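I opened my notebook and went through this structure piece by piece. Here is what I looked up, in the order I looked it up.

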Amino acid sequence: MDIPSLTIDQIREGLERRAFSAVELATEALRFAAAENPKTNAYLHFCPERALGAARRVDEKLARGEQAGPLAGVPVAVKDVICTQGVRTTCGSRLLARYVPPYDATAVSRLEAAGGVILGKANCDEFAMGSSTENSAFGPVRNPVAPDRVPGGSSGGSAAAVAQGTSVVALGSDTGGSIRQPASFCGVVGVTPTYGRVSRYGLVAFASSLDHIGPLARHVRDAALLLRIMAGRDEMDSTSALAPVADYGALLDGQVRGVRVGLPREYFQGLASETGDLIQRGVEVLRRLGCEIREISLPHTDYAIGCYYIICTAEASSNLARYDGVRYTLRSAEGETLLDMYRHTRGEGFGAECKRRIMLGTYVLSSGYYDAYYLKAQQVRTLIARDFSEAFREVDAIVTPVSPFPAFKLGEKLDDPLEMYLSDIYTITGDLAGIPCMSVPCGRTAAGLPVGMQILANHFDEAGMFRLAEAFERAGGPGA
Ligand code: GLN
């Protein structure tokens, strides 16, 4: 049992052959994860009781000759912004350091019902705000590929756990790139499904109109399976979609001949870098596989960063208003009046990035500025979404880089929030449009740093996106 390289298929076969039991696998996975975690700080805490309980249920079902589920025995890390009943859910914030949710997120209960084994909760930027996981109140995560570098963010703990092999798959959340960018920095697969594909029930809200839960894995096939299990309508989230969920795995046949792939001019301008070269080589692989490559234009791309940081801060300022020290954990002992108590609680509880966003968001929503900023940003968002709808009349998928550069050094961008925001340039448009998008490994730089290729598809066409990604992975990426 080679824990760091296990696939879901191998676990299924191992359990069927009785090579190991689910409890043996969970025990060994927990031991390995705890031993390796100090190298990265990918997990904030483990939940061995819950993991062993889930594994025991899998073994009992197998002993009775029943189906134990498509994820039977699979070790999973869950980003700590996703609620787990009875297991601390901190959102990487001092404010929620002791918060224990009384319920499970729908994504969590679905993956456990499918036999998944949750090992623990993954580190992340505070309330998922950031691109490096350096905004966690519980210390940054180190990139397992290059320990002096960030793993990306905000789902940096989830990506690091999968890359390090301390989980087989992981759940992340993405509002502006937080699954794809860390996946690209750590050299794993990360998927942001169509908005509404996966229920947000139990995902602690950052910017509700942009938030998604999605899978991270070492292989496209595993990510596709995890998504299929989590996806689909949920009564608890009125924005979850009724659209039928395909058996993505069954559709992965490596056949992409004739698939029309668009390269948006705006994303490749000025990309003279190792990242750009690797993506170009990746595109050549797709061409060799029979894809028809076309240049396209997404003319409103330039406005995406401004638009995103207005909408996400506005929604964050309203979502974070609930942390007032009355209903959730941390409450400051300071303050004579109720208002003082609020001020002290929020002053002590929130980190700098959350405060910055609350202030920005409150400003863009305030009377007199609402029309000039928030409303305008909503209009621009519609134009960006329309760019994509028009592009998808000509092409089946769009390919771009995930990030302008590979993993940067810890601390390198910490003093310059604007620089950090600009690094999201290629990922936020997909969230603004609500379309499915993913990062698939696309080789490494000369220094050995992973680079991810982004694939975007039309609303609810996860199947087409996975098919292209898996064919690319099968072909060996640009290294082939
Ligand atoms: N880096 C982006 C931000 O800081 C995206 C975060 C996310 O997707 N959760 O807002």
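**Entry 1**

I started with S3, which is mostly covered: six of its six residues are buried. For the record, buried means under 20% relative accessible area, exposed over 50%, and partly exposed in between, with a 1.4 Å probe and protein chains only. Helices (H or I, at least four residues) and strands (E, at least two) are DSSP runs, numbered from the N terminus.

I reminded myself that this is a predicted model, where local features need pLDDT of at least 70, side-chain atom pairs count only at pLDDT 80 or more, and totals for chains, interfaces and linings use all residues. Residues are numbered from 1 along each chain as its sequence is written, and side-chain values use heavy atoms, with hydrogens and water left out.

Next I asked which strands pair with S3, given that two strands pair if DSSP finds at least two bridges between them. Strand S2 (residues 75-79) runs parallel to strand S3 (residues 117-122), and five bridges link them. I found Pro75 bridged to Val117 and Val76 bridged to Ile118. S1 is antiparallel to S3, with three bridges joining them. There, His45 stands opposite Lys121 in S3.

I then followed the chain from S2 through helix H4 (residues 106-113) to S3, and this β-α-β crossover is right-handed. The term means that, with the strands pointing away from the viewer, the path from the first strand over the helix to the second runs clockwise.

**Entry 2: the whole sheet**

I zoomed out and found an open sheet of 11 strands with mixed pairing, in the order S1-S3-S2-S4-S6-S5-S10-S11-S9-S7-S8. Its edges are strand S1 (43-46) and strand S8 (292-296), each pairing on one side only. On average, neighbouring strands are turned by 30 degrees against each other, direction ignored.

Helix H7 (residues 220-230) packs on this sheet and touches strand S4 (169-174), strand S5 (189-192), strand S6 (212-217) and strand S10 (437-444). The direction of H7 makes about 150 degrees with that of S6. Contact here means heavy atoms within 4.5 Å; axes are lines fitted to C-alpha atoms, for helices over the stretch in contact, and angles run from 0 to 180 degrees between N-to-C directions.

**Entry 3: helix H3**

I checked the length of helix H3 (residues 48-63): its 16 residues reach 22 Å from the first C-alpha to the last, close to the 22 Å expected at 1.5 Å a residue. The expected span is 1.5 Å times one less than the number of residues.

Which residues of H3 are buried? I listed Arg50, Ala51, Gly53, Ala54, Ala55, Val58 and Asp59. They pack against helix H1 (8-16), helix H2 (22-36), H4 and S3. After H3 comes Gly65, with a positive phi near 75 degrees.

**Entry 4: the nonpolar cores**

A nonpolar core is a set of buried Ala, Val, Leu, Ile, Met, Phe, Trp, Tyr and Cys residues joined through side-chain atoms within 4.5 Å. The largest one has 147 residues, and those with the most contacts inside it are Phe127, Leu171, Phe388, Ile455 and Phe466. Helix H10 (residues 304-319) gives the most to this core, with 10 residues.

A second, separate core of five residues includes Phe185, Ala407, Phe408 and Met420.

**Entry 5: some loop residues**

Cys91 lies in the loop between S2 and H4. Its phi is positive, about 60 degrees, although Cys91 is not a glycine. Is Cys91 buried or exposed? Cys91 is buried, at 0% relative accessible area.

Phe460, in the loop between strand S11 (450-457) and helix H16 (462-474), also has a positive phi, near 65 degrees. Phe460 is partly exposed, with a relative accessible area of 32%.

I noted a cis peptide bond from Gly153 to Ser154, with omega near 10 degrees. Ser154 sits in the loop between S3 and helix H5 (156-164).

My last stop was Ala114, in the loop between H4 and S3. Ala114 counts as buried at 8% relative accessibility. Not counting residues up to four places away in sequence, Ala114 touches Ala68, Gly69, Pro70, Leu71, Ala72 and Ile229.
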